[in-house]
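Reader: Could we go through this structure together? I would like to begin with its charged side chains.

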Amino acid sequence: PHLAGQASTPQTDLYSLGIILFESLTGTHPFPYLTELSATEIRAVRLINRIPSLSNLRPDLPHALDEVLQCATAINPDDRFRTAAQLADAF
């Protein structure tokens with residue numbers, strides 16, 4: 001929402017939590033190259049690109065974790081978990 005000029009919602013926080021979980025599990029940010037881009041370019045990247053597959057970076061982890069992170073960080077906020085409890089249960 002911030003990148004699209006919209007107000008924050010609980011799904012904004014769930015997105016951020018999904019990014020933190022991704023970083024915790026992989027040791028890397030899903031979009032490490034963003035630091036080299038302008039704010040406009042970052043906005044464009046985040047509005048059209050999903051996070052990389054966790055399974056490609058950590059094949060030792062269950063595929064279901066990838067699905068959880070993809071849901072938590074879905075581009076459309078309506079496609080994300082509704083609550084942190086739902087994310088926690090899925091995780």
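Reader: Which side chains meet in a salt bridge?
Author: Those of arginine 58 and aspartate 60, at 2.6 Å from N to O; a salt bridge is a side-chain nitrogen of Lys or Arg within 4 Å of a carboxyl oxygen of Asp or Glu. This is a predicted model, in which local features need pLDDT of at least 70 and side-chain atom pairs count only at pLDDT 80 or more, while totals for chains, interfaces and linings use all residues. Residues are numbered from 1 along each chain as its sequence is written, and side-chain values use heavy atoms, leaving out hydrogens and water.

Reader: How many salt bridges does the structure hold?
Author: The structure holds 1.

Reader: Is aspartate 60 buried or exposed?
Author: Aspartate 60 is exposed, because its relative accessible area is 55%, whereas arginine 58, at 26%, counts as partly exposed. Buried means under 20% relative accessible area, exposed over 50%, and partly exposed in between (1.4 Å probe, protein chains only).

Reader: Turning to the fold, how many helices are there?
Author: The protein has 5 helices and 0 strands; helices (H or I, at least four residues) and strands (E, at least two) are DSSP runs, numbered from the N terminus.

Reader: And what does phenylalanine 31 contact?
Author: Leaving aside neighbours within four places in sequence, phenylalanine 31 is in contact (heavy atoms within 4.5 Å) with Tyr15, Val45, Arg46, Asn49, Arg50 and Ile51.

Reader: What share of the residues is buried?
Author: Of the 91 residues of the protein, 32% count as buried.
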